[in-house]
Amino acid sequence: MKCLEPFLLSKLRGNRVLFIVLLFTFIFINLLEAKITIELYPIVNLEKENVLLRDISSIKSESTEDRLKKFIEEIFVTNIDVGIKKIDKEDVIRSLKRNYIDLKNISIIGADRVIVKRETIKLTQAQILKDIEKFLEKNFKDAIEIVSISVSKKELILPSGKIEKKIRIKSKTVNNIYLSYYVFINGEKRSSLPITVKVKYFLMIPYAKKDIPKGKKIEPNDVYLKKSAVSNVLRNSVKLEDILGKVAKINIKKDSIIKSYLLSPDYLVLKGKNVKILYSNGPINIELMGLALENGSKGDIIRVKNISSNKVIKCKVVAPFVVKYTK
């Protein structure tokens with residue numbers, strides 16, 4: 001009946017709020033007085049970083065009310081990265097005290113020391129090489145030949161978890177591709193490796209299918225493509241789209257590489273030559289004679305001198321030796 005005394009007292013005083021506070025205090029005190037037994041395991045294998053009390057022990061309560069037991073189970077003890085960590089009984093006691101647990105109702109039995117082993121993942125040199133080759137195949141296909149890949153022989157030992165690998169290109173030179181190899185565990189970056197790949201570059205190079213005389217415009221049937229190892233300079237200067245439609249500056253022999261410097265644009269207007277200037281303004285259309293001051297291919301904007309007025313105007317090249325005045 002002692003438990004009803006606060007109620008009677010509060011009723012007499014008309015203070016129901018005080019009753020509720022005292023009632024909950026009474027329940028909590030009973031929870032704290034419940035006997036809790038923590039039995040420590042001798043050896044534990046974990047896949048996660050944070051070690052909770054429930055991970056290293058079996059926790060039992062004499063009370064049917066288990067909120068305090070559940071609270072104790074979730075108490076944090078320590079972190080473990082990779083390898084082995086030893087947790088003594090004193091470490092457990094300190095964790096309980098940090099959470100204001102009254103030890104007089106706690107019994108700690110079992111092992112004096114818990115050996116916690118964190119599960120690990122190993123990445124070998126062979127696995128990393130395979131990842132790099134797969135990345136290069138996806139991103140460069142037939143454009144390169146791998147000469148060598150520089151990867152440390154030491155294997156990576158990482159904590160277990162969801163593993164994700166990312167590879168990024170840092171830079172490229174004539175002979176090398178520099179990569180960064182990243183490893184993430186559960187979304188957190190755990191390792192990064194610099195990787196150097198020595199390579200040979202290849203391109204489909206345009207060759208002359210037949211003898212091409214000087215002054216001839218390059219057509220698709222004048223060219224065939226052949227996979228060839230190229231230097232950085234040649235790679236930037238020889239592309240099929242760069243040569244089609246241009247004019248041979250010299251005679252190009254059959255089976256020779258058609259290099260860009262052997263060609264010139266297909267100019268419809270030549271510098272120093274007369275051109276016809278078309279002028280239109282609403283219903284008014286006028287044709288004038290002019291002198292081209294620049295070479296121009298179709299669509300180019302060039303400077304043209306109006307022969308009648310000597311005024312220099314800007315015109316668009318629209319046909320051989322024909323330009324259109326633009327404002």
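Visitor: Which strands form the closed barrel, and with what pairing?

Guide: In this predicted model, the closed barrel consists of five strands in the order β18-β19-β20-β21-β22, and the pairing is mixed. Neighbouring strands of this sheet are turned against each other by 50 degrees on average, direction ignored.

Visitor: How many bridges join strand β18 to strand β22?

Guide: Three bridges connect strand β18, residues 274–281, with strand β22, residues 322–325, and the two strands run parallel.

Visitor: How many helices and strands does the protein have?

Guide: The protein contains eight helices and 22 strands. Among the contacts with a separation of 6 or more, 56% are between residues 24 or more positions apart.

Visitor: What share of the residues counts as buried?

Guide: A residue is called buried when its relative accessible area is under 20%. By that cut-off, 31% of the 327 residues are buried. The accessible surface of the protein is about 20800 Å², and carbon and sulfur atoms account for 53% of that surface.

Visitor: Which elements have the lowest and the highest mean pLDDT?

Guide: pLDDT expresses the predictor's confidence in each residue, from 0 to 100. Its mean over the protein is 85, with 87% of the residues at 70 or more. Among the elements, helix α1 (residues 5–13) has the lowest mean, 44, while helix α3 (residues 53–56) has the highest, 95.

Visitor: Over which residues does pLDDT stay under 50?

Guide: Residues 1–14 form one such stretch, with six contacts beyond four places in sequence. Residues 23–27 are also below 50, and that stretch has two contacts beyond near neighbours in sequence.

How values were computed: Residues numbered from 1 in each chain as written. Predicted model: local features only at pLDDT ≥ 70, side-chain atom pairs only at ≥ 80, totals over all residues. Heavy atoms only, no water. Helix = DSSP H or I, 4+ residues; strand = E, 2+ residues; numbered from the N terminus. Contact = heavy atoms within 4.5 Å. Buried < 20%, exposed > 50% of the residue type's maximum accessible area, 1.4 Å probe, protein only. Areas by Shrake-Rupley, 256 points an atom, 1.4 Å probe, with all protein chains shown as cover. Pairing = 2+ DSSP bridges. Axes fitted to C-alpha atoms, helices over the stretch in contact; angles between N-to-C directions.
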